[in-house]
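Here is my note on the model, point by point. Please read it with the structure open.

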Amino acid sequence: IEGVERRADGRTVLKAKVRAAPFEGQANEALCRLLAHELELAPRQVEIATGEGARIKRLRITGDPRMLDAMLDRLTKGGAKGSA
């Protein structure tokens with residue numbers, strides 16, 4: 001997890017890198033596993049909602065909204081556990 005970036009179009013995104021190749025969904029799966037790990041969720045709770053083949057993706061994360069908000073806040077403040 002590299003942090004938060006404001007894009008030229010005004011959108012704010014969470015930047016993350018994974019080692020998996022962008023082949024047959026491997027990088028998407030690695031991204032979901034990474035975020036699930038960082039947010040202390042089961043991998044099935046994080047999925048790609050849109051942008052499977054794009055560089056910018058929208059994720060669907062299920063769980064308690066207050067807990068997810070707190071975990072995302074920690075994550076964006078540089079408290080990531082590690083990398084995948």
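**Notes on the predicted model**

1. Start with helix H2. It has twelve residues and spans 16 Å from its first C-alpha to its last, close to the 16 Å expected at 1.5 Å a residue. The expected span is 1.5 Å times one less than the number of residues. Leu 68, Met 71 and Leu 75 are buried in H2; buried means under 20% relative accessible area, exposed over 50%, and partly exposed in between (1.4 Å probe, protein chains only). Seen down the axis of H2, its buried residues fall within an arc of 65°, so they line one face of the helix. The arc is taken over the directions from the helix axis to the C-beta atoms. On the face turned away from the buried side sit the exposed residues Arg 66 and Asp 69. The buried residues of H2 pack against E2, H1 and strand E4 (58-61).

2. A word on the basis. This is a predicted model, where local features need pLDDT of at least 70, side-chain atom pairs count only at pLDDT 80 or more, and totals for chains, interfaces and linings use all residues. Residues are numbered from 1 along each chain as its sequence is written, and side-chain values use heavy atoms, with hydrogens and water left out. Helices (H or I, at least four residues) and strands (E, at least two) are DSSP runs, numbered from the N terminus.

3. Confidence next. pLDDT is the predictor's confidence in each residue, from 0 to 100. The protein has a mean pLDDT of 89, and 92% of its residues reach 70 or more. Among the elements, E3 has the highest mean (97) and H2 the lowest (87).

4. Which residues make up the largest nonpolar core? There are eleven: Leu 31, Cys 32, Leu 35, Ala 36, Leu 39, Leu 41, Val 46, Ile 48, Leu 68, Met 71 and Leu 75. H1 gives the most, with four residues. Such a core is a set of buried Ala, Val, Leu, Ile, Met, Phe, Trp, Tyr and Cys residues joined through side-chain atoms within 4.5 Å.

5. Leaving aside neighbours within four places in sequence, Ala 36 is in contact (heavy atoms within 4.5 Å) with Leu 41, Ala 42, Pro 43 and Val 46.

6. Two backbone angles deserve a check. Most residues other than glycine have a negative phi. Glu 24 has a positive phi of about 50°. Glu 24 lies in the loop between strand E2 (12-15) and H1, and is exposed at 67% relative accessibility. Glu 40 has a positive phi of about 55°. Glu 40 sits in the loop between H1 and E3, and is exposed at 54%.

7. Now the charged pairs. The structure holds seven salt bridges, each a side-chain nitrogen of Lys or Arg within 4 Å of a carboxyl oxygen of Asp or Glu. Glu 2 pairs with Lys 15, the closest N and O atoms being 3.8 Å apart. Glu 2 lies in the segment before strand E1 (3-6) and Lys 15 in strand E2, 13 residues apart. Lys 17 also forms a salt bridge with Glu 2, at 3.5 Å between the closest N and O atoms. Glu 2, Glu 5, Arg 7, Lys 15 and Lys 17 are linked in a network of salt bridges.
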